[in-house]
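Take a moment with the sequence and the 3D view. We will go through the fold piece by piece, starting from one pair of residues.

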Amino acid sequence: MNKAIVIIQCPDQKGIVTMVSNFLFTYQGNILEVDQHVDEEIGMFFMRVSWDLDSFGLEKDLIAAAFQKEVADSLEMKFELHFNTQKPRMALFVSKLSHCLFDILSRYYSGQFDVEIPLVISNHLDLKKVVTAFRIPFYHLPIDKTNKAEVEKQQLELLQKHKVDFLVLARYMQILSGDFIKEYPNKIINIHHSFLPAFVGAKPYHAAYERGVKIIGATAHYVTEELDAGPIIEQEVARVRHHNSPSDLVQIGQDVEKVVLSKAIKYHLERKVLAYRNKTVIFY
């Protein structure tokens, strides 16, 4: 089925749902999904609507302009229009840890992710065999403090060359610069190996072990210039017990990371995430 999705945000006011519905009714649009939310504290309205395009009375290239004129202008509305026939292109950034990469590639290969993966970029060679086994181009770009700007320039050139829509840091152990992040606002998904805010540093599971925690977790979020503080897309926790060793915690934590990151990717692919004010609305 060919379908369109519109994601809306505007000041809360009377008649928003009516105007959107009337627009779709006027052009014989059959609504498939609708979800909405009002943030009463800031007086903002959010909505996601998908509809069948097969019987719709406007050509795809005319819908945005018509919606802008007939609905958005009078409501001070911002909107994004997407079509399911446009398969997003996702780049993966990895380092040495393989658990998230394996999970993403297996879901991609099995058809769970409706996405194209035109390339994988890494600062190490450890995962090259994994990536090439899936017949995906692998680019090895070592990076350190002395060449960071030059390597990020090469990375951006590759992303533009391959027409990448968004990227996923699948345990990529490098901090992106602000200039890099600005090229993909709310289009870089990271998995953090903690239930943020929580234990920070290189060995969070060992720190959690020392504190005798009873739950550990993971957080998927969009990347911003403030480290590990971007809009949160998905979180999950797992219970642990006193007899679990640090290596047990690592294994349990990595299992959670895989699931959380994959859920975040799926929400993004299905256009169910709306980021605003460093928060997100997730349209389930």
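**A walk through the fold**

N30 has D52 in β3 as its bridge partner. The two strands involved are β2 and β3 (residues 44–52), which pair in the antiparallel sense over nine bridges. Strands count as paired if DSSP finds at least two bridges between them. Strands (E, at least two residues) and helices (H or I, at least four) are DSSP runs, numbered from the N terminus. Strands of a sheet pair through backbone hydrogen bonds, either parallel or antiparallel.

Before going on, note that this is a predicted model, in which local features need pLDDT of at least 70, side-chain atom pairs count only at pLDDT 80 or more, and totals for chains, interfaces and linings use all residues. Residues are numbered from 1 along each chain as its sequence is written, and side-chain values use heavy atoms, with hydrogens and water left out.

Now widen the view. Four strands form an open sheet in the order β2-β3-β1-β4, with antiparallel pairing. β2 (30–39) and β4 stand at the edges with a single partner strand each, so one side of each has no neighbour in the sheet. On average, neighbouring strands of this sheet are turned by 10 degrees against each other, direction ignored.

Two helices come next. Helix α1 (residues 16–26) packs on the sheet and touches β1 (3–11), β2 and β3. Its direction makes about 20 degrees with that of β3. Helix α2 (residues 60–75) lies across β1, β3 and β4, and runs at about 160 degrees to β4. Contact here means heavy atoms within 4.5 Å. Axes are lines fitted to C-alpha atoms, for helices over the stretch in contact, and angles run from 0 to 180 degrees between N-to-C directions.

Stop at H82, in strand β4 (residues 78–83). Is H82 buried or exposed? H82 is buried, at a relative accessible area of 14%. Buried means under 20% relative accessible area, exposed over 50%, and partly exposed in between (1.4 Å probe, protein chains only). The H82 side chain makes polar contacts with the side chains of E80 (3.1 Å) and R271 (3.5 Å). A polar contact is a pair of N or O atoms within 3.5 Å; within protein, one must be able to donate a hydrogen and the other to accept it, and residues adjacent in sequence count only if both atoms are side-chain atoms.

Next, find helix α5 (residues 148–161). Buried in α5 are V151, E152, Q155, L156, L158 and L159. They cover an arc of only 160 degrees around the axis, which puts them on the same side of α5. That arc is taken from the directions from the helix axis to the C-beta atoms. An α-helix has 3.6 residues a turn, so residues three or four places apart point the same way. The face of α5 turned away from the buried side carries exposed A149, Q160 and K161. Among the elements covering the buried residues are β5 (90–94) and α6 (178–182).

Finally, look at strand β10 (residues 215–222). Seven of its eight residues are buried, so β10 is largely enclosed by the rest of the structure. Four bridges join β10 to strand β9 (residues 188–192), and the two run antiparallel. There, I189 stands opposite Y222. β10 also pairs with strand β11 (residues 232–239), antiparallel, over seven bridges. T219 has Q235 in β11 as its bridge partner.
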